[in-house]
Amino acid sequence: MGSSSSLHVLPHDVRREGERLFDLSMWCLGRDVLHPDNLLLRRGLSRERRPAGQQGTSAYGTALDGGGALTLWGFGVLCRSAEGCVYVPRSGFTPLLVDERRLERPLFNSMDLGVPRVPDTADECSLARAAVVAVARWLAGHEEWVGALLGPEWRRECIAALRKAPSVPGEGLAAAWRRFAAKVDGLERPVVNASLTPLVGV
C-alpha cells in the first residue's frame, strides 16, 4: 500500500483534512451507537453483530441515494457501487480498492478485507474519489439528521468526551463535510485556462 500513488486520488492536504474530519466523525458515530436509542439503528441502518469471541466491530449498513451502499465499522467505511468497492480506513483516509469477493460474508475486522490496493488508473482514481464524495455527503446528512433530532447538545456532549481538541466544533461537522465533498468533487473537473479559450465574436 504505497503512498505515492494515493496522491493521484487525493492531494496530501485534502487527505489530511479528510483524515481529521473522519476521525472525529467516527468517534461521534461510536457515541451515537452508545446512545440509549442507538442512533444508527434509529436512523434505519442495519446491524450485523460481531460474533462472540471474534475480534473486530459490528457492521452497520445503509443504502445510498442514487444507488450503492455503505458499510460502517469502527475501523473504517466501505462504499459499494456498480463500478466497484472502495474502502476508506479510519487511519490515513487513503481510499483503497477491495476485491468484491471478500464481501460475500459479513466482515468485522480490517484483516478480513484482504490486502486492499491503491488505485493506479485514471478510472480507478475517479471511482475512489466518487466513493469519498459519497461518504462525505452521507456523513454530512447524518450530522444534519442528528442535529434535527437532538439539537446541538448531543454532539457537544460527544465531543466533550474526547481527550483531545476536535478539528471542528460538533455543530460544524455537517458543513465541513459538505465543503469537503465539494472540494473532492472539484478534483474531477478539469481546470480551464481562460487565456487558452478562443475569443468569440472577434
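How many salt bridges does a search of the whole structure find? The search finds 12, a salt bridge being a side-chain nitrogen of Lys or Arg within 4 Å of a carboxyl oxygen of Asp or Glu.

## Basis of the model

This is a predicted model, in which local features need pLDDT of at least 70 and side-chain atom pairs count only at pLDDT 80 or more, while totals for chains, interfaces and linings use all residues. Residues are numbered from 1 along each chain as its sequence is written, and side-chain values use heavy atoms, with hydrogens and water left out.

## Individual salt bridges

R42 pairs with D37 in a salt bridge whose closest N and O atoms are 3.0 Å apart. R42 is partly exposed, with a relative accessibility of 46%, and D37 is likewise partly exposed, with a relative accessible area of 42%.

## A link between helices α3 and α5

In the salt bridge between E144 and R178, the closest N and O atoms lie 2.8 Å apart. This pair links distant parts of the chain, since E144 belongs to helix α3 (residues 122–150) and R178 to helix α5 (residues 173–186), 34 residues apart. Helices (H or I, at least four residues) and strands (E, at least two) are DSSP runs, numbered from the N terminus. Both partners are partly exposed: E144 has a relative accessibility of 38%, and R178 one of 37%.

## The network around R155

Salt bridges that share partners connect D32, E143 and R155 in one network. R155 is located in helix α4 (residues 152–160) and is buried, with 4% relative accessibility. Its side chain also makes a polar contact of 2.7 Å with the side chain of E143. A polar contact is a pair of N or O atoms within 3.5 Å; within protein, one must be able to donate a hydrogen and the other to accept it, and residues adjacent in sequence count only if both atoms are side-chain atoms.

## Packing of α1 against α4

The axes of helix α1 (residues 12–34) and α4 come within 10 Å and cross at roughly 110°. Axes are lines fitted to C-alpha atoms, for helices over the stretch in contact, and angles run from 0 to 180 degrees between N-to-C directions. The two helices, α1 and α4, are therefore roughly perpendicular to each other, a term that covers 65 to 115 degrees; angles under 35 degrees count as roughly parallel, over 145 as roughly antiparallel, and the rest as oblique.

From α1, the residues L24, W27, C28, R31 and D32 meet W154, R155, C158 and I159 of α4, where contact means heavy atoms within 4.5 Å. The residues of this contact comprise 6 nonpolar, no polar and 3 charged. Ala, Val, Leu, Ile, Met, Phe, Trp, Tyr, Cys and Pro count as nonpolar, Asp, Glu, Lys and Arg as charged, and the others, Gly among them, as polar.

## Loop residues with positive phi

N38, although not a glycine, has a positive phi of about 45°. N38 is found in the loop between α1 and α2 (39–42) and is buried, at 7% relative accessibility.

F93, also not a glycine, has a positive phi of about 50°. F93 occupies the loop between β5 (84–89) and β6 (96–97), and its relative accessibility of 1% classes F93 as buried.

Conventions: Buried means under 20% relative accessible area, exposed over 50%, partly exposed in between (1.4 Å probe, protein chains only).
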